[in-house]
Amino acid sequence: MIKPTLQCPCAGRHLQPAFQYDAPPPGETAFDCAGGQYRRGYARCGLCGHWFSDNAMDLGALYGGAYVDNTYGERMRQTFERILALPPERSDNAGRVAALLDFARGRFAAGTVPRLLDVGAGLGVFPCRMKEAGWHCTALDPDERAARHAREVIGIEAVTGDFMRIDTSSLGTFDVVTFNKVLEHVEDPVAMLARARPLLVPGGFVYIEVPDGEAAAAEGPGREEFFIEHHHVFSPASAALLAVRAGFSPLLTQRLREPSSKFTLRVFATGS
Ligand SMILES: [Zn+2]
């Protein structure tokens, strides 16, 4: 039974059963299902091609356990430095930075320093590289360790908080707000993305990066795009509709396979 809170970006509900899992696919983050049986699936919208997680297990343990330890544990600094050291052709982040700088070129007045807010910054590899490109960056992450790492190791501003709950008016305004592989993790990505609207200056844009379920599905249900932590997996149509429903105008959608082998959709959308 799909949770009624999971809405389709097309506002429809044309669900068709897709994948079923009775055991974790290889490579998925270890998850303690508290003695219960591992059972979950995905349904797909027949209209816009969006994928919904069908999962009655309590995922609270997911973000409190191995997921957080793997992301923010003692190895945080080492992981950050290992990713920074990747050659550009093996770095998903290098492609992201290049795509964003390309889209931003000519959009902001010459000589100004563009301001960027990265929602769900995690290790902060992305704002680190944007800072090196001359941007003013603020990292936002629910984990205090990530915020401290952003301040002390990367040297950028950082805020600890859940973007759905914090008072966003205290953050200031930005030329660009980025959501890199964040929106698939929340139940209501439209509501989360909509909270970025009042933060954008006129002429600013949001950059959204989400898993491409349509491309990944061709390689089967074991793909990482369909791992347990993703409530939503997108199609090119549903990713663009997500931006529209949140009050933005999508200007460009890119579809790519990243160096890490992830199938990814990028959407650039303006607020005005
Ligand atoms: Zn739909």
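The zinc ion sits in a tetrahedral site, with angles of 91 to 114° among its 4 donor atoms (four donors count as tetrahedral if all angles lie between 85 and 135 degrees). Those donors are Cys 8 (SG), Cys 10 (SG), Cys 45 (SG) and Cys 48 (SG), at 2.2 to 2.4 Å; a donor here is an N, O or S atom within 2.8 Å of the metal (3.2 Å for Na, K and Ca), and water is not among the atoms, so sites may look incomplete. Along the sequence, the donor residues follow the spacing C-x1-C-x34-C-x2-C. Cys 10 lies in the segment before strand S1 (15-21) and Cys 45 in strand S2 (residues 40-45), so this pair ties together parts 35 residues apart in sequence. Strands are DSSP runs of E with at least two residues, helices runs of H or I with at least four, both numbered from the N terminus.

A quick word on the model: it is predicted, local features need pLDDT of at least 70, side-chain atom pairs count only at pLDDT 80 or more, and totals for chains, interfaces and linings use all residues. Residues are numbered from 1 along each chain as its sequence is written, and side-chain values use heavy atoms, with hydrogens and water left out.

Now for the charged pairs. The structure holds 18 salt bridges, each a side-chain nitrogen of Lys or Arg within 4 Å of a carboxyl oxygen of Asp or Glu. In one of them, Arg 96 meets Glu 209 at 2.6 Å, N to O. Arg 96 belongs to helix H4 (residues 92-104) and Glu 209 to strand S8 (residues 200-211), so the pair joins parts 113 residues apart in sequence. Glu 209 also pairs with Lys 181, at 2.7 Å, N to O.

How values were computed: Four donors count as tetrahedral if all angles lie between 85 and 135 degrees; four count as square planar and six as octahedral if opposite donors are over 155 degrees apart and all others between 65 and 115; anything else is irregular.
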